[in-house]
Amino acid sequence: MIKKESVLLKQSLKCGCPKCGVPSIFPHKFTLETIEKCPSCDLKIKDHDSGDGPAFFLLSALCFIITPLALWLAYVIEIPLWAHACLWTFVCVGLCLVVLQPLKTYFIALNYKHRGGAHGV
Ligand SMILES: [Zn+2]
């Protein structure tokens, strides 16, 4: 069964398997290493590699979001440069920790859908 991108996106927010949706394809919260295969449907998740795509898109998005926010904050209130460095480092690392696993799951799900697996290839 081929799933729509919206279904894949909802499954990815829970870091679920692209085939059956059972969470999680990661052994624990702070890793990007996926499990070998899904314990529910036996899909070989390691065969669907996302490469560097999630990290590239997240860092690109963060650059477009964080830079204007930092400039706006510097314009609105005057805080020292070291405070900017601490604040934006904390924000960037926090967003990476929260967003990178679901984004990698989404890339794996798109790989599963468009490059085989969903079509029985
Ligand atoms: Zn599964």
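Begin by selecting Lys 19: apart from neighbours within four places in sequence, Lys 19 is in contact with Cys 38, Cys 41, Leu 43 and Tyr 112, two residues being in contact when their C-beta atoms, placed from the backbone, lie within 7 Å. The model is a predicted one, in which local features need pLDDT of at least 70, side-chain atom pairs count only at pLDDT 80 or more, and totals for chains, interfaces and linings use all residues. Residues are numbered from 1 along each chain as its sequence is written.

Lys 19 sits in the loop between helix H1 (5–13) and H2; helices are DSSP runs (H or I, at least four residues), numbered from the N terminus. Lys 19 has 21 other C-beta atoms within 10 Å and is therefore buried (20 or more such atoms count as buried, 12 or fewer as exposed, and anything in between as partly exposed).

Next, select H1 together with H3. Their axes are 8 Å apart and the packing angle is about 140°; axes are lines fitted to C-alpha atoms, for helices over the stretch in contact, and angles run from 0 to 180 degrees between N-to-C directions. H1 is therefore oblique to H3 (angles under 35 degrees are roughly parallel, over 145 roughly antiparallel, 65 to 115 roughly perpendicular, and the rest oblique). On the H1 side, Leu 8, Leu 9, Gln 11, Ser 12 and Leu 13 meet Pro 102, Thr 105, Tyr 106, Ala 109, Leu 110 and Lys 113 of H3.

Remaining on H3 (residues 81–114), select Ile 108. Ile 108 is buried, because 26 C-beta neighbours lie inside 10 Å. Beyond four places in sequence, its contacts are Pro 18, Ile 25, Ile 45, His 48 and Ser 50. The C-alpha atom of Lys 10, 98 residues away along the chain, is 13 Å from that of Ile 108.

Finally, select H2 (residues 53–76). Its 24 residues span 35 Å from first C-alpha to last, close to the expected 34 Å, the expected span being 1.5 Å times one less than the number of residues. Of these 24 residues the number buried is 1, so H2 lies largely in the open. Show H3 again: the axes of H2 and H3 come within 9 Å and cross at roughly 150°, and the two helices are therefore roughly antiparallel. Residues making this contact include Phe 57, Leu 62 and Ile 66 of H2 and Trp 88, Leu 95 and Phe 107 of H3.
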